[in-house]
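Here is a friendly walk through one protein chain. Have the sequence and the coordinates open as you read.

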Amino acid sequence: MSLPLQLSYIGLEDAKDVKSVELAINSKAYTIPRSQLRNGTFRKDLDVPLTLAAAPLSISVRRKKLRLHFRRHPASETFTISSADVLSRLEGQVFRQKRSEILITLGFVSKATITHTVPNGVSSSSADTESQPAEELTVVQTGFQDISRVHSPGTSVPPNSEDLQSTTQELIDICPRFRVLVVGKSGVGKSTLINRVFGLEVAQVSKDRPGEATIEKELISEQNSRFILHDSRGFEPAEGSNYDVVKSFIEQRKKMQDVKDQLHAVWLCFQVPILKYGERLLEDGVEAFLKEGKEALGNTPTIVVFTKYDRLLSFVRKQKAADPEAEAKRYLQAYCIEPIQDFTGAADIAHVAVSSKRKTERGLEELINLTQGKVSKIFSAPGDTVSPVHLAAAGAQRMLPTLKIELSIEVGKQRYWRALASSANFQNYKMLNCLGVIHTDIVLVWNFYDLDNHLDSKEFRNLMTSMVGELDAPARTTTDSSDPLPRSDTFTMNPIPLLTLAPVALPFLACIILVTWAYETYQRLQKVHQKFMAYIVDLTHVLEILFLLTADARGKKLTRRVIKLAFKAYYESSWMRNVHEDIGQFDGRLGVQDLILERITSLISSDDAEANVRAALQGLPPLDSEKDEGWDDGQQVS
């Protein structure tokens, strides 16, 4: 690579103990933001590449305060990197080096490839062109965050894109994780329950030997960083004084000042007993807790979970009951629900019977909805604002896409979705920046296991923007919605479709944006509301499809291939065509209420959404959730 070096992005990984990062280059300082999509990661894509000349750059890190631990590294540390250091380790256009166990990545681009003239969307005569300098833009692999400061000489520079703060991120900063206490003796099915609800491969519960488990331990999984699990043993005599431990822990958490440190929900798990086998529902310690623990629990959202309901159904069927379902419900009421009500003195105690095994699964959606309802009531926010705990609960669960859609709408209503055709929030900002903050808000709500930040990448944002550009394109002929991904590419003698082997070919290049309006300032663009509407609705629908595609991929990180499949399935469906037709015919005139917001809500949360998702995926073969490929692999566009 020729000199001088042009820095396009900086990233830090394995920085879980780092509080803040600052880059200093050419006598200027830049804050490197933390990524919420991957723990221990910082990254900044530079709007305009920075020249690394004779003077080296420096990266300053400040580490978090540690309690009762010795530091392995200084609280503050500065790493210096010169152009000679970069050239000695440069691989292609990327420099990587570990400093104090932190992996530093610097991305560079050749100066010859970064200067382009970007059309401003306004026609002019040749005379005008001669008299006025063309708008020029310095970019790196044209992307969302790169195009933010397009301006002509003599005009004011638009606000920095970082001024548009993500509403979802602000809420996550207040309450990063949903904190759950699960109480139940070993063997009641806590691990299977947690794995299924929160989308984990293996939950770390009930692994300690008797006497070793500690309720204070915060169990956090990289596979779902948006929830914290506290695991407690049951109250049977063999568990010693666990009753007092649980009671004390709950009371301690209630006194915490920050909402992020409080308990957000308690699940009391009891296996449905089969009396014929000599099993009991409640041990002595449980009875004491139910009688005296109400005061300790206070208003903490608490739900009694009767586990292994499938086992009861199997037993009832063996007894040759005329109506096994009805008999199982009667049994549950008589031998589980009523005894709990008697001990608590509460006829309306929240309870649900669940089966967590995949083949006999039931009750889990009810558990999630019941928990969500209690959380939203106890941890309510003033006015129409979104509760950080409510968002944490909806984001942590990985079973109900409807909850994520509802929260996306609530977050959108709080700030950026209101009055999209005349919003003061977006004045003087480029459309890419406006769409960028909306993109971040929606993606963060869904909380995919996106270890490599694919959903936050420039390439995926570019694809979504290009899809919105189809609003202005002439009607196209597409594959019938009953078969959105053609199956003509299968082997005659081989049952495995080529689709599972060949890269997914997309209709657009991911490395560029094909629409010129993306570079316009918000207030200069006609029918701006349609662009916002399409982006919000299209992105939500693509994520809905992606959610279903990855439903069985617990513990598997998101890949570009599966994202491309979701994108293509939606793009080639009648669902997208109908959405775009609806939006294209919407004039966006505002009356007493924000009709644009109402239309977005109706398009996102329509009753036929689930049917549309399944139709878009009809005929798609089983996928290898771990297979990955590049964004533009298999590309067939010219």
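## Around Phe460

Leaving aside residues up to four places away in sequence, Phe460 touches His439, His454, Leu455, Leu539, Val542, Ile563 and Trp631, where a contact means heavy atoms within 4.5 Å. Phe460 lies in helix H14, residues 458-468. Helices (H or I, at least four residues) and strands (E, at least two) are DSSP runs, numbered from the N terminus.

Is Phe460 buried or exposed? With 0% relative accessibility, Phe460 counts as buried; buried means under 20% relative accessible area, exposed over 50%, and partly exposed in between, with a 1.4 Å probe and protein chains only. The C-alpha atoms of Phe460 and Cys511 are separated by 9.0 Å, although these two residues are 51 apart along the chain.

## Ground rules and overview

This is a predicted model, in which local features need pLDDT of at least 70 and side-chain atom pairs count only at pLDDT 80 or more, while totals for chains, interfaces and linings use all residues. Residues are numbered from 1 along each chain as its sequence is written, and side-chain values use heavy atoms, with hydrogens and water left out.

The chain has 19 helices and 16 strands, and 52% of its 638 residues count as buried. Among contacts between residues at least 6 apart in sequence, 74% join residues at least 24 apart. The accessible surface of the chain comes to about 29600 Å², and 49% of that belongs to carbon and sulfur atoms; these areas come from the Shrake-Rupley method with a 1.4 Å probe, and for residues only the protein chains shown count as cover.

## Two covered helices

Helix H4 (residues 190-198) is mostly covered, with 7 of its 9 residues buried. Those buried residues are Lys190, Leu193, Ile194, Asn195, Arg196, Val197 and Phe198. Their cover includes strands S11 (178-183), S13 (224-232), S14 (265-271) and S15, along with helices H10 (364-378) and H11 (388-396). Just after H4, Gly199 takes a positive phi of about 70°.

In helix H8 (residues 309-318), the buried residues are Tyr309, Asp310, Leu312, Leu313, Phe315 and Val316. Strand S15 (302-307), helix H9 (324-344) and strand S16 (351-353) are among what covers them. Just after H8, Lys320 takes a positive phi of about 60°.

## Salt bridges

How many salt bridges does a search of the whole structure find? The search finds 23, a salt bridge being a side-chain nitrogen of Lys or Arg within 4 Å of a carboxyl oxygen of Asp or Glu. In one of them, the side chains of Glu218 and Arg179 meet at 2.9 Å, N to O. Glu218 lies in the loop between H4 and strand S12 (219-221) and Arg179 in strand S11, so the pair ties together parts 39 residues apart in sequence. Glu218 is partly exposed at 38% relative accessible area, whereas Arg179 is buried at 3%.

Arg179 also meets Asp261 in a salt bridge of 3.9 Å, N to O. This pair links distant parts of the chain, with Asp261 in the loop between helix H5 (242-254) and S14, and Arg179 in S11, 82 residues apart. Asp261 counts as buried at 19% relative accessibility. Arg179, Glu218, Arg253, Lys260 and Asp261 are linked in a network of salt bridges. Within helix H9, Arg330 and Glu327 pair at 2.7 Å, N to O; being 3 residues apart there, they are separated by about one helical turn.
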